[in-house]
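Q: Got a structure I'd like to talk through with you. Can we start with the metal sites and then look at some helix packing?

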Amino acid sequence: MYASVIVEIGAKNVDRTFTYRVPSDMKSFIKIGSRVKVSFGKQLLEGFVLDLFNDIDSCDYEIKDIIELVDKKPILNEEMLELGKEISNYTLCSLISAYQVMLPKALKASYDTNISIKTNKYLILNCSINDANNYLVKCRYDGQIDILNNIINNKEIKINRVDSSVKTLIKHGIVKIIEKESYRYRYTSNNNDCRHILNDEQEYAVKRVCDCFNKSSTFLLYGVTGSGKTEVYMNIIDKVVNIGKSAIMLVPEISLTPQIVDRFVSRFGDKVAILHSGLSDGERYDEYRKIVNGEVSIVVGARSAIFAPLKDIGVIIIDEEHSSTYKQDNNPRYHARDVALFRCKYHSCPLVLGSATPSLESMARAGNKVYELITLKRRASGGSLPNVCIVDMKNEIKQGNYIFSSVLDKKIKEKLSKKEQIILFLNRRGYSSIYTCNTCGNVSKCPNCDISLTYHKSSGMLRCHYCGYAIRKYSECPNCHSKDLIDYGLGTEQLEEELVKRYKARVVRMDMDTTSKKGTHQKIIDEFGNYKYDILIGTQMVSKGLDFPMVTLVGVINADASLNIPDFRSSERTFQLLCQVSGRAGRSIRDGEVVIQSYNNNHYSIMLAKNHDYLSFYMEEMKIRKQLNYSPYYYIILVNIMSKDYEYSFSEAKKIGEFLRTNLSDDTFVLGPAMANPFKVNNVYHHQCIIKYKKDNKLRDTLIMLDNHYKFNNKINVEIDIDPNKC
Ligand code: ADP
Ligand code: ZN
Ligand code: ZN
C-alpha cells in the first residue's frame, strides 16, 4: 500500500504530494487525512495523507516508508480535505497552508509542538457495591472508610496523590485509578440566562431562517444597533440545537468581550466552546478536542472558528459581517464568509450575516436577491437611537478648543454630575503622534519605516507602530541641537491625562497598550460595568459589542482619522465606525447622546451617520463606486510587490504592470504600479498593482503564471490578494 503525503516545507515552492510506502503494521490504521512522520531529503517532517492506493506505475524518486502514524484518528476529515482544496484554489495559496490554517497549533503538521493532553486521575470501584460494602464493614481504618464512602456516594473521586489508604484499597482490588482527559479552559458565567419575548420583527427573522433549515440559503440580517440581533441569533441556535444539530457563531475578535461570551454561556452552558486569541495553545487545543469529541454543539469565536470541526452543522452566523477582521491579512488570505458559504453548502444549512451597517458587497447581493434581506428597524429595548450632534472643529479651534469642543465639554460635565457614564473614542494610541523640532522642522521618524514615531509618555519612549522600533525621547534635536521640541497629534494616553486634569473624573483607558496582558481587557470591562469609572476611553476596541446601560454619552474625538486613510473603502469604514460607536450610547431606558467632532463635517459619511441613515449612505456610496469602477461593481485584486532593494522592486513592479496589461482581457483594468501606503515597512519597500475586473477568462492563468514566476526569487516577494481589505 502507498500513500500520497503533503508536507510543509518552509519555502512556498513545494506544493505537491509525495509517495511513501505504508508499512504493513500501519495498513489497518492509516486513513486519508491522517498525520504522519516521513523523511524528506535529510529532514524529518510531518505531513497529511491525501490519498491511499495499492499500485503505482512509476516514480521518479526512491520510495521510502512512512516512519510513524502520529495520531490514532485522522486529523483532517472529508469536509476539511475538500475545503482545503477550495481555499487553495480560490486564494492561490499552497494546499498545505490551507490545511494548516484550519488546525490548532497542537495538530498542525510540524515538529516543534509539545502541547499535551492534560489528564486527571480518578478513583472508581473495582468491585461490586456488595463487595465494597462488605469491605467497609470489616475495615478499621478511617482513611480508607472515608475514601470508600465517598466513591460509593459519588461514583468517582478526583485524586491528586496516591496515599497509603488508596494503595491498600487498590491492593485488595476494591478500587482502581482511571485517567480522564481534562480541559484547561472553562468559562463560567456569573449572570442568569435572561431571555426576552421576541418582538414581531425578531420573531419574523427567526422564523424565516428556521423555515430554511436544510437549505443552503444566505440571509442578510440588517438591524440597527441594539435592535436585538444577538437575541435573534440565540433563538435560531436554540432551535438548531433542539433538532440535534450544531451551530457556529462568529464575531469579530474585538467583540469577543466577556459580555457576549457571557450571554451565550449563560444561555447554553457547557454546550458552548469559545475560541478567541486570548487562549493559550493548550486551551485552544482543548476547546478543539471538545468540538471533535462532540461534547459541544455551539462554537462562538473569531475568524478561525469558522473551521471548527463540528459535525452536522445546522446554521452558521456571522455577526458584524462587514468587519474587515473576517479576512485573514496574511497567507492564506481566506475570508471567513467564503468558508462559511462553502460549509453551509456542504451541510445544507442557512448562513446568517448580521450587521447594523452591512458591507456594500452584501447589501448589493441582497439587492440582487442572492441573499434574502431581513430588517430589524427598531431598538429592542424600546428606546430610540441616540441623538447625534456633529461639531465643526474648524470653528472650535478658533475659540481655542483643541481637544474638547464646547458642546462635548458641556455634556461631559452634565453626565458626570448625573453620575452617568461616558465612552470616548479616539483611534490613536500613545501620547502624541508627532515629535518635531521647532527650529529646523526635523520630525522623529522610524529608520526602518516611512512613518513618524509615536511618543509614549508612560514609558518615555518614541515608538514605531509598524515595526516596534523604539528610542528614548530626546530633549535635543538630533539634527540642529535645538532644545525647542514639541509634540502634537492627540493620542489616547494624552486624552486620559487631559480628562483627569480637567474633570477630576475616574478614567480608564482601553487600547493595545493597556490590554496586552491576559485578562486585562476583561478587567477593564468588568470594572467599568461595575461603575468603578466614569469615563472609558479607547481605540477600535471600544467601538463594538459593548453594552453598558449607564452609558448615555459617546464622544468621537476625531472622526476624520479613518476618512483620511487612502483606501476606496475609507468612507464606508468611517460610516460603519461612527454608527458602531454611536450604538454604544443609550442602550437601556435612558436616552443616549453622541457628539462627533470633525474637520470634514460636510462629508456624507459623517452627515449621514448623524441620522443613522444607512440606506442613504448605501445609495450615495454605490454611486461613487460605480463611477470609479470599484467593488461591488468590479472585483478587485491587489498585487503586492515587496523587496529590500528599492530599484529592483520598482523595475519589477513596472514589468508586472505591463505583464498584467498584456495578458488580461481588454475590459479588465490594471492600475499601477504605485507606491503602497505605507511605502516602507521594516526596510522593505512596497509597490502595488490593482486589478479591477468583472469577468476575465484569462485571469486565473495569468495570476498563476505571475505567482510561479516569482516563487523561486529570493530578492522579491510578490503576493496576490483576492478581494483585499486594504486598497
Ligand atoms: P444587537 O445585537 O442588535 O446590538 P442585542 O441583541 O444586543 O442587539 O439587544 C440590545 C439590547 O436589547 C440588549 O440589552 C437585549 O437584552 C435587549 N433586547 C433584545 N431583544 C429584546 C426584546 N425582545 N425585548 C426587550 N429587550 C430586548
Ligand atoms: Zn532641529
Ligand atoms: Zn518602523
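Q: What's the spacing of the donor residues of the zinc ion (ligand 2) in sequence?
A: They run C-x2-C-x36-C-x2-C. Keep in mind that this is a predicted model.

Q: Which atoms coordinate that zinc ion (ligand 2), and at what distance?
A: The SG atoms of C437, C440, C477 and C480, at 2.3 to 2.4 Å.

Q: And where do C437 and C480 lie?
A: C437 is in strand β19, while C480 is in the loop between β22 and β23 (485–490). They are 43 residues apart in sequence, so the pair ties together separate parts of the chain.

Q: Is C437 buried or exposed?
A: Buried, because its relative accessible area is 3%, under the 20% cut-off. C480 has 30%, so that one counts as partly exposed.

Q: What's the geometry at the zinc ion (ligand 2)?
A: Tetrahedral, with angles of 105 to 112° among the four donor atoms.

Q: OK, on to the zinc ion (ligand 3). What coordinates it?
A: C446, C449, C464 and C467, each through SG, at 2.2 to 2.4 Å. Along the chain, these donors follow C-x2-C-x14-C-x2-C.

Q: Which distant parts of the chain do C449 and C464 link?
A: C449 sits in the loop between β19 (432–437) and β20 (454–456), and C464 in the loop between β21 (461–463) and β22 (470–472). The two are 15 residues apart.

Q: Are C449 and C464 buried or exposed?
A: Both C449 and C464 are buried.

Q: Why is the arrangement around the zinc ion (ligand 3) called tetrahedral?
A: Because its four donor atoms subtend angles of 105 to 113°.

Q: Switching to helices. At what angle do α7 and α8 cross?
A: Roughly 30°, with the axes of α7 (residues 229–242) and α8 (residues 258–268) coming within 12 Å. The crossing is right-handed.

Q: Which residues meet there?
A: From α7 you have T230, E231, M234, N235, I237 and D238, and they meet I260, R263, F264, R267 and F268 in α8. By type, the contact has five nonpolar, two polar and four charged residues.

Q: Let's zoom in on R267. Is R267 buried or exposed?
A: R267 has 10% relative accessibility, so it counts as buried. R267 lies in helix α8.

Q: What is R267 in contact with, leaving aside neighbours within four places in sequence?
A: D193, C194 and R195, plus E231, M234 and N235. E231, M234 and N235 are among the α7 residues that meet α8.

Terms used:
Residues are numbered from 1 along each chain as its sequence is written. Chains are lettered from A and ligands numbered from 1 in the order in which they are written. This is a predicted model: local features need pLDDT of at least 70, side-chain atom pairs count only at pLDDT 80 or more; totals for chains, interfaces and linings use all residues. Side-chain values use heavy atoms; hydrogens and water are left out. Axes are lines fitted to C-alpha atoms, for helices over the stretch in contact, and angles run from 0 to 180 degrees between N-to-C directions. Helices (H or I, at least four residues) and strands (E, at least two) are DSSP runs, numbered from the N terminus. A crossing is left-handed if the near helix is turned anticlockwise from the far one by less than a right angle, and right-handed if clockwise. Contact means heavy atoms within 4.5 Å. Ala, Val, Leu, Ile, Met, Phe, Trp, Tyr, Cys and Pro count as nonpolar, Asp, Glu, Lys and Arg as charged, and the others, Gly among them, as polar. Buried means under 20% relative accessible area, exposed over 50%, partly exposed in between (1.4 Å probe, protein chains only). Donors are N, O and S atoms within 2.8 Å of the metal (3.2 Å for Na, K and Ca); water is not among the atoms, so sites may look incomplete. Four donors count as tetrahedral if all angles lie between 85 and 135 degrees; four count as square planar and six as octahedral if opposite donors are over 155 degrees apart and all others between 65 and 115; anything else is irregular.
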